[in-house]
Amino acid sequence: MMGLPGKYKLAAQIGFTVLLLIGLVGSGFWAGWSWSGANGRADVAAAEKLHSDTLGEIARAGAQQLRQQQDRYVELQAQLAEQDKQHNQELTNVQKSNVQLAVDLAAAKQRLSVRIASPAAAAGGVPAGTAPAGVDDGAGTRADIHPATAAGLVRVTGRADECSVRLTAWQDWWRRVAGLSGP
């Protein structure tokens, strides 16, 4: 700067000062940017760690809930299997009982009778004599049903008994699955 004429000397000093200011502002900006970036990276790293920890907790909670659901499922399956075994045994017993009763009725080992309000008329249209008093409630005499008809009635009522057992089993299953009743 010493060899410059006076009017350029001032311009050179102003230019040098401007360059110095630009350099200082630029280096300050760079320092601030670097410091902010370092803090930003630390903040991002902390946020990533928090996010990772949160995801880990969510995964552990989900795994625990899944295990609980699986345990409840296994328990429910065991309860349903036991309940199914019980209802199948009931159904088998009802079916055996009904078959045996139908066989006994068809073979006339047992009889099925109904009460009648008045005794049948005799051959001449005159009512037959009254039956002797019995242990019954005295509402009339009894008439036997034909063995084949009795067996048919037992089959019909037997199906009703089987339907009742099946319906009860279905209702118990539904209550258990829906959680409406305890074990």
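Modeller: Start with burial: a residue is buried under 20% relative accessible area, exposed over 50% and partly exposed in between (1.4 Å probe, protein chains only). His87 has a relative accessible area of 8%, so it is buried. This is a predicted model, in which local features need pLDDT of at least 70 and side-chain atom pairs count only at pLDDT 80 or more, while totals for chains, interfaces and linings use all residues. Residues are numbered from 1 along each chain as its sequence is written, and side-chain values use heavy atoms, with hydrogens and water left out.

Colleague: Where does His87 sit, and which residues does it touch?

Modeller: A contact means heavy atoms within 4.5 Å. Leaving aside residues up to four places away in sequence, His87 touches Val165, Thr168, Ala169 and Asp172. His87 itself belongs to helix H1. Helices (H or I, at least four residues) and strands (E, at least two) are DSSP runs, numbered from the N terminus.

Colleague: Is Asn98 buried or exposed?

Modeller: Asn98 is buried, because its relative accessibility is 13%. Asn98 is also placed in helix H1, and its contacts, again without residues up to four places away in sequence, are Val154, Gly158, Asp161 and Glu162.

Colleague: What is the overall layout, and what share of the residues is buried?

Modeller: The protein has two helices and two strands, in the order α-β-β-α from the N terminus on. Buried residues account for 10% of its 183 residues. Of the contacts between residues at least 6 apart in sequence, 69% join residues at least 24 apart.

Colleague: How many salt bridges does the structure hold?

Modeller: Side chains of opposite charge can pair when their charged atoms come close. The criterion is a side-chain nitrogen of Lys or Arg within 4 Å of a carboxyl oxygen of Asp or Glu. The structure holds four salt bridges. In one of them, Glu162 and Arg166 meet at 4.0 Å, N to O. They are separated by about one helical turn, because they lie four residues apart in helix H2 (residues 147-178). Glu162 is buried at 16% relative accessibility, whereas Arg166 is partly exposed at 44%.

Colleague: Which salt bridge links distant parts of the chain?

Modeller: Asp144 pairs with Arg111, with the closest N and O atoms 3.1 Å apart. Asp144 is in strand S2 (residues 141-144) and Arg111 is in the loop between H1 and strand S1 (113-116), 33 residues apart. Asp144 is partly exposed at 45% relative accessibility, while Arg111 is exposed at 67%.

Colleague: Which residues form a nonpolar patch on the surface?

Modeller: Patches take residues with over 30% relative accessible area and no salt bridge; like charges are joined within 9 Å, and nonpolar side chains (Val, Leu, Ile, Met, Phe, Trp, Tyr) within 5 Å. Here Leu10, Ile14, Val18, Leu19 and Ile22 form such a nonpolar patch, with about 490 Å² of accessible area together. Leu19 lies in helix H1 (residues 6-106) and counts as exposed, because its relative accessibility is 59%.

Terms used
Accessible areas come from the Shrake-Rupley method with a 1.4 Å probe; for residues, only the protein chains shown count as cover.
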